[in-house]
Amino acid sequence: MPTDTAVESAEVAGLDALELQPKREKGALGKRVWRSAWPKFLAIAIVLLIWQAAVWSEWKPIYVLPAPATVFTDLGNVITTADFWDGVRVTMTRAFTGFLLAVVIGTIIGALVSQFAPLRAAIGSLITGLQTMPSIMWFPLAILLFQLSESAILFVVVLGAAPSVANGLISGIDYVPRTWLRVGQVLGMRGFAKYRHLILPASLPSFISGLKQGWAFSWRSLMAGELLVIVPGALSIGVRMQQARDLSDSSLVICYIIVVLIIGILIDVLFNTADNALRRRWGLLGS
Amino acid sequence: MSLLQQKTGAVVRLENVSKSYGDLLALDRVSLTVAPGEFVCLLGASGCGKSTLLSLVAGLDGITGGTLDTGGRKVSLMFQEAALFPWLSVRGNVELPLRLQGVSRSERRQRAEELLGIVRLSGFADKRPHELSGGMRQRVALARALAQDADILLMDEPFGALDAMTRDILHDELERIWREQQLTVLFVTHNVREAVRLGDRVILLSSRPGRVIEDYAITHARPRRIDSPEVSGQAAEITDRLRAEVARHAH
C-alpha cells in the first residue's frame, strides 16, 4: 500500500515541521551590540559622575583624590610606554602559569576525590575549607618557605585557585543526571569508556564554572602577592602600584586599579563566552 | 542458547521471577515467555513493578528468585525521557552505541544515516537534541536503541510524556518499524488503549506485589487504530479488570 506509507510519511513530516520553532531574526549585529553595551556605559558614567562630584565637593585635597580627567590623562600616558606593557607581561605570565598549574592540580585532585570514597571523606570538606581561606593568610608561610621569589607567589595563587577547580569537577561528576547514567548502563559503558563518553562531557558545565571561579581566586591572590612579595627585578603591575603609592602619586595608583579591573573584566568575558557557547550547544539558553 | 529455549523458541523466558528490595516485594513469582517477533505489552497500575521487570530483563538489576533467560541475546532499553546527550548532535547520539562497539567511522556514519532514515529524521542529523520536539527526540532515542542491534527492545512508557496526537503517530511509526525490523518488543505502559493498540499480547500485572493476573491475546488485524471499535471494546474489558484490581487496594 504505497499510498498509505506516503500518507503516514507526510503526517510525520508535517508534525515535525509544526513542532519545530520557526526561526526568528536576531536583528542586526550593531543593534545587538548596542543593546548589551549601553547599560555598561551607563554604569561607567554613573561612577565617573559620583567620582567627579566627590572631587568638586573638595572632600579630599586634589592631590589625594585627583579628578577623573587627570587620571585618564595619566592612564593614557602610562599605557603608551613599553615599560608598562613589560609590567603587564610579568603579571599575566604569573597569572597564566599559576592558573594553569592550579587547573592541573585541581583536576587531578578532583578526579581522585570523586573516585575514591575514603579520599572523599578525608579531603572533600578540606577542599571547601581551603576555598573560604583568605589567600593573603598564606603569604607569611609562603615567604618563609620560598623566600621572596616567584615560587612564593605561585604557591599562593595555586592554593587559591585549585580548590575551586577541584570542586567544580567533583560537583560536575556528582550531579550527572541519573537518566544519563542509566543510558550509559544500557549502552554497556564501563570503565574508561564511561568517563570518556559520559561522565567527563556531562560534568563540563560545572567544570567550566569551577575554572571561572578558580580564575577569580587566582587573580585576587596574585594581586595580593604582588603587593606583598616584591621579587627583585620583576616590575609587575603590583610593584608599580606600590611604587606609585610610595611616591604619593594617587593618580597613578588609580590608573593601576583601573588596569587591574579591566584585565579582570576581559578575562571574565572570555570565560562567559565559553560558558555561553556551551550552554547554547546544550540548549540551556532560551535563544 | 539454552535447551529450554531451543524447545520453546522463546526469546525471553521468566519463570517464577521474584524481586525484593529489602522487605519490599516488588515482583512475586512472575512467569512470562515472549516469542520471537512478538509485541508484548505489560500493563498495570502504579506499584506493579513493570519498570522493575524491564530492568531485570535488561540486566540492570539482579533477580531475587526464579529464573530469567534471554539466551544471551542483546537487549536494549528505552525510557520515558529520550535522555539524549546534549553534547552530541543527533547523529552523534545515534552513532554512540556503534562507537562503543568499535565500528569504524565511515561505517558508523552510514549506519546512523540508515537508522535516522528508518525513524524518518534523515534531514536532522546535524541538529542538537534541544532543537527537536519531544516526539522527534523519542524517535532519535529509538534510532539509538536500534543502533545497539539488539534482538529485544524494551520500552518503558516511551510515549508517556507526549501529547495525544504525537503519540498516535508514533504508534503507527513503532508498529511499522517493529514489522520492518522484525523486532521483539516488551512494552510497558499504564495506558490500556495504547497496550491494545500495539500489542500481540497484553499482560496485566497486579500491584504490590507485581504478579501476572491476566494474559490477553489481541488478535485484531493490523494496522490498527487506537480509536477503532475493536480496540476500544477490548480496552474497556481490560480496564474493568484493572479497576477491579486497583479497588482491591482500597482498604
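How many residues does the contact take from chain A and from chain B? It takes 23 from chain A and 25 from chain B, where two residues are in contact if their C-beta atoms, placed from the backbone, lie within 7 Å. Keep in mind that this is a predicted model: local features need pLDDT of at least 70, side-chain atom pairs count only at pLDDT 80 or more, and totals for chains, interfaces and linings use all residues. Residues are numbered from 1 along each chain as its sequence is written, while chains are lettered from A and ligands numbered from 1 in the order in which they are written.

**The chain A side of the contact**
- α1 (2-19), α8 (178-186), α9 (191-228) and α11 (250-282) of chain A each supply at least two residues to the side that touches chain B; helices (H or I, at least four residues) and strands (E, at least two) are DSSP runs, numbered from the N terminus.
- The largest share of that side, seven residues, comes from α1(A).

**Helix α7 of chain A**
- α7(A) covers residues 150-174 and reaches 36 Å from its first C-alpha to its last, close to the 36 Å expected at 1.5 Å a residue (1.5 Å times one less than its number of residues).
- There's a kink of about 25° at Ala161(A), shortly before the proline Pro163(A); the bend is the angle between axes fitted to the seven residues ending at a residue and the seven starting there.

**Nonpolar cores**
- The largest nonpolar core has 81 residues; such a core is a set of buried Ala, Val, Leu, Ile, Met, Phe, Trp, Tyr and Cys residues joined through C-beta atoms within 7 Å.
- Helix α5 (residues 134-147) of chain B gives the most to this core, with eight residues.
- Phe187(B), among those with the most contacts inside the core, touches Phe39(B), Leu42(B) and Met155(B), among others.
- A second, separate core of 33 residues includes Ala161(A) and Phe207(A).

- A cis peptide bond joins Arg208(B) and Pro209(B), with omega about -5°; Pro209(B) sits in the loop between β8 and β9.
- Another cis peptide bond joins Arg222(B) and Pro223(B), also with omega about -5°.
- Asp149(B) has a positive phi near 55°, and counts as partly exposed because it has 13 C-beta neighbours inside 10 Å.

Note on methods. Buried ≥ 20, exposed ≤ 12 C-beta atoms within 10 Å, placed from the backbone. Lists of a residue's contacts leave out its neighbours within four places in sequence.
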